[in-house]
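Student: Hi! Could you walk me through this one?
Tutor: Happy to. Let's get it on screen and start with the overall fold.

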Amino acid sequence: MARRYLIDGYNLIHRLGLIGTRPEPGALQEARRRFLDFLVENLVDDAGRTTVVFDAANAPKHLSAEQWYGGIHILFAKTLPEADDLLALLVEQDADPRQLCVVSSDREVQKAGKRRHSQIMDCDAFLDELERRKAARPAPAAEVREIAGDTAEWLAVFGKLESDPDLELGVRRLKKKGR
């Protein structure tokens with residue numbers, strides 16, 4: 001069985017540097033959207049097994065406490081004081097906590113996961129894992145064709161520079177000046 005992710009949303013948003021300490025009105029909503037886009041892009045097949053929890057103090061009033069974004073389950077801690085409380089509750093109520101990966105750098109959230117034998121990842125370790133995954137993914141065929149096309153175009157335009165007499169003269173001048 002593939003593991004599931006339970007992510008401390010604002011904890012990871014702050015680690016990514018998507019919001020400052022005093023965001024302007026609307027900046028928090030934009031940061032959440034950019035953050036969720038980042039997760040959808042990087043989690044790929046795991047997006048459907050991911051829950052992100054946000055504090056509700058700054059949640060838009062018109063949005064419900066539960067949402068979906070690109071397959072990711074989103075919860076706002078509207079009935080609890082903080083997202084940390086909801087994260088701990090979700091870990092406690094999980095039917096198979098050993099398959100759960102709790103992503104947070106908050107010690108209390110990590111303790112809740114450890115009590116139930118969940119895997120714990122601080123934000124930096126999670127971001128490192130996403131980077132490794134991204135590097136290991138093969139480029140899509142369309143992207144490979146595009147790169148090949150770009151390479152051919154660049155070679156057609158600049159490929160003969162080695163035999164360009166003006167360039168050769170310029171290189172000799174630079175060498176003479178010690179550059």
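**Contacts and fold**

Tutor: Among contacts in the protein between residues at least 6 apart in sequence, 53% join residues at least 24 apart. Keep in mind that this is a predicted model.

Student: OK. How many helices and strands does the protein have?
Tutor: The protein has seven helices and six strands. Reading from the N terminus, the elements go β-α-α-β-β-β-α-β-α-β-α-α-α.

Student: And what share of the residues counts as buried?
Tutor: Of the protein's 179 residues, 31% count as buried.

Student: Let's zoom in on α2. How many residues has helix α2, and what does it reach end to end?
Tutor: Helix α2 covers residues 27-43, which is 17 residues. From first C-alpha to last it reaches 24 Å, close to the 24 Å expected at 1.5 Å a residue.

Student: Which residues of α2 are buried?
Tutor: They are Leu28, Ala31, Arg32, Phe35, Leu36, Leu39, Asn42 and Leu43. If you look down the axis of α2, these buried residues fall within an arc of 135°, so they line one face of the helix.

Student: What do the buried residues of α2 pack against?
Tutor: Their partners are β1 (4-8), α1 (9-16), β2 (50-55), β3 (66-69), β4 (72-77) and α5 (123-136).

Student: Which residues is Phe54 in contact with, leaving aside neighbours within four places in sequence?
Tutor: From α2, look for Arg32, Phe35 and Leu36, residues that are buried there and that are in contact with Phe54. Take Ala77: Phe54 and Ala77 are 23 residues apart in sequence, but their C-alpha atoms are 6.2 Å apart in space.

Student: Nice. Now backbone angles. What happens just after α2?
Tutor: Just after α2, Val44 takes a positive phi of about 45°, although Val44 is not a glycine. Val44 is in the loop between α2 and β2, and it is partly exposed, with a relative accessible area of 40%.

Student: I also want to check His117. What is its phi near?
Tutor: Phi of His117 is near 65°, again a positive value in a residue other than glycine. His117 lies in the loop between α4 and β6 (119-121).

Student: Switching to charges. How many salt bridges does a search of the whole structure find?
Tutor: That search finds ten salt bridges. One to look at is Arg15 with Asp124, whose side chains meet at 2.3 Å, N to O. Arg15 lies in helix α1 and Asp124 in helix α5, so the pair ties together parts that are 109 residues apart in sequence.

Student: Last topic, pockets. What volume has the largest pocket?
Tutor: Its volume is about 180 Å³. The largest pocket is lined by 14 residues, with Arg4, Leu6, Thr51, Asp94 and Leu100 nearest its centre. Elements giving two or more residues to that lining are β1, β2, β4 and α3 (83-93).

Student: Which element gives the most to the lining?
Tutor: That is β1, with three residues.

How values were computed:
Residues are numbered from 1 along each chain as its sequence is written. This is a predicted model: local features need pLDDT of at least 70, side-chain atom pairs count only at pLDDT 80 or more; totals for chains, interfaces and linings use all residues. Side-chain values use heavy atoms; hydrogens and water are left out. Helices (H or I, at least four residues) and strands (E, at least two) are DSSP runs, numbered from the N terminus. The expected span of a helix is 1.5 Å times one less than its number of residues. Buried means under 20% relative accessible area, exposed over 50%, partly exposed in between (1.4 Å probe, protein chains only). The arc is that of the directions from the helix axis to the C-beta atoms. Contact means heavy atoms within 4.5 Å. A salt bridge is a side-chain nitrogen of Lys or Arg within 4 Å of a carboxyl oxygen of Asp or Glu. On a 1 Å grid over the protein atoms alone, a cavity is a set of points where a 1.4 Å probe fits but cannot get out, and a pocket is an open set with protein on both sides within 12 Å along at least five of seven lines; lining residues have an atom within 4 Å of a point. Grid points are joined across faces, edges and corners, and a volume is the space filled by probe spheres set on the points.
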